[in-house]
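Please examine the structure shown below.

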Amino acid sequence: MRISVIGTGYLGAVHAAGMAELGFDVVGVDIDAAKVESLNQGRMPFYEPNSDPLLDKHVGKGLRFTTDMAEIADADVHFVCVGTPQRKNSLAADMAFVNSSIDAMIPFLKDGSLVVGKSTVPVGTAEKLAERIEVATPESVSVELAWNPEFLREGFAVQDTLHPDRLVFGVNGDNAEGILREVYARAIGDDTPVVVTDLPTAELVKVAANSFLATKISFINAMAEICDVTGADVTALADAIGHDERIGRKFLNAGVGFGGGCLPKDIRAFSARASELGAGQSLAFLNEVDAINLRRREQVVNLVREHLGTLHGRRVAVLGAAFKPDSDDVRDSPALSIAGQLHLAGAQVSVYDPKAMPNAARIFPTLNYADSATEAIADAEAVLHLTEWPEFRELDPAVIGADVANKLMIDGRNLLDRDAYRQAGWTYVGLGRP
Ligand code: UDX
């Protein structure tokens, strides 16, 4: 079976390499020639653990990348993995890349082939796209469309692609389910649950899952706000409620909140779509989830201001720029947003991140980027721990205490050793944690 993957971002590039690992002949297509060149040289255009070896193993053998859509003509299954970012002038998703790739694919779709959407889209999109394909292809060419949402987490993309925790097949034709079962035969053989649905349900599964995760994080962050005004400890609270199997401890880490290319824009697009459908009230709570999340960033800025008296001219070290560790992704990153807000309020901000500095510097070129954590910290009046890279936890508070001008540590992830910092003479400030 031949497979094409349209769009080679964080999702598509790893999916293409994963499909090659499963033994398929794969062509990846992207409009970005620099990305395609990097991929053809066996290098992912972004940092994702374990993905380079996988790419390197298959590229030039069963896997190739191109900017020429005509090369999909041989493929039996086409995965659409292009981005659906937030629109510049609204909360809704921008569907331009999905629409343009479908239009570009149509002339090359052969009879009996299957188009599989993986991008996160507003509910109702798949049915419209199926119609669009049907209208634009000749009568002799029958093409089915299915929706197979992707749940991969950055930092674990290879593992999540090869060993997903569930597979969702949204189908409305006769052949799609069988073809998808063939594509994912290995995972299904390993007992991965398969949920077969109609198209709108499959589209909704993705946004519902992300909305639930975002809600869980904002719930614990709301508890952190209550802990702050009562002197209670949100980490102990999360441990205690997390022991209840119905609740679970995962995604109950309070801190600077969620970011990245999915959760923030997905809850906004979902809420915007519900309003279009006349069901805005059903998802009104997602606006509150978003507001709680954004308040976390403001709170860290306020804490720095309170502790230093003013931000103007103050030297602040920011540890972390990526939206989470094991990623170089700075899209809607709380760490970078806080660094930027401090800078715009007059602070002298020095940022260090093990992987995300080039991306951060592109988005926020006016910040100072240090070559190491110790360089960022040198002479700082406040140190902010905002992305939980393991190397930040390994810093010795006694050693780094000698380099700073003022021993103030604001732990935006509640993960540093509070007692060790206090014993070394630091003022340790957690979020929702005394
Ligand atoms: C998410 C979903 O998990 C994934 O299934 C979907 O396909 C894409 O969106 P990802 O964006 O890679 O994946 O990151 P995730 O690990 O979910 O973390 C999202 C954000 O939540 C990060 O900024 C993280 O720091 C934050 N987070 C997570 C918390 O603040 N607290 C937690 O307890 C967990």
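Strand 9 (residues 315-319) and strand 12 (residues 382-385) pair in the parallel sense over four bridges; two strands count as paired if DSSP finds at least two bridges between them. Helices (H or I, at least four residues) and strands (E, at least two) are DSSP runs, numbered from the N terminus. Within this pairing, alanine 317 stands opposite valine 383 of strand 12. The model is a predicted one, in which local features need pLDDT of at least 70 and side-chain atom pairs count only at pLDDT 80 or more, while totals for chains, interfaces and linings use all residues. Residues are numbered from 1 along each chain as its sequence is written, and side-chain values use heavy atoms, with hydrogens and water left out.

The pair belongs to an open sheet of six strands, arranged in the order 11-10-9-12-13-14 with parallel pairing. Strand 11 (368-369) and strand 14 (427-430) each have a single partner strand, so one side of each is left without a neighbour in the sheet. Helix 12 packs on this sheet and touches strand 9, strand 12, strand 13 and strand 14, contact meaning heavy atoms within 4.5 Å. The direction of helix 12 makes about 165 degrees with that of strand 13; axes are lines fitted to C-alpha atoms, for helices over the stretch in contact, and angles run from 0 to 180 degrees between N-to-C directions. Helix 13 (residues 334-344) lies across strand 9, strand 10 (348-352), strand 11 and strand 12, and runs at about 160 degrees to strand 10.

Helix 12 (residues 284-308) also has a helical partner: its axis and that of helix 11 (residues 263-276) come within 9 Å and cross at roughly 150 degrees. Helix 11 is therefore roughly antiparallel to helix 12, a term for angles over 145 degrees. Where the two helices meet, Ile267, Arg268, Phe270 and Ser271 of helix 11 face Leu286, Asn287, Val289, Asp290 and Leu294 of helix 12.

Two asparagines in loops complete the account. Asparagine 50, in the loop between helix 2 (33-40) and helix 3 (51-58), has a positive phi of about 65 degrees although it is not a glycine. Asparagine 414, in the loop between strand 13 (408-411) and helix 18 (418-423), likewise has a positive phi, near 50 degrees. Asparagine 50 is exposed, with a relative accessible area of 58%, whereas asparagine 414 is buried, at 7%; buried means under 20% and exposed over 50%, with a 1.4 Å probe and protein chains only.

Definitions and conventions:
Angles under 35 degrees count as roughly parallel, over 145 as roughly antiparallel, 65 to 115 as roughly perpendicular and the rest as oblique.
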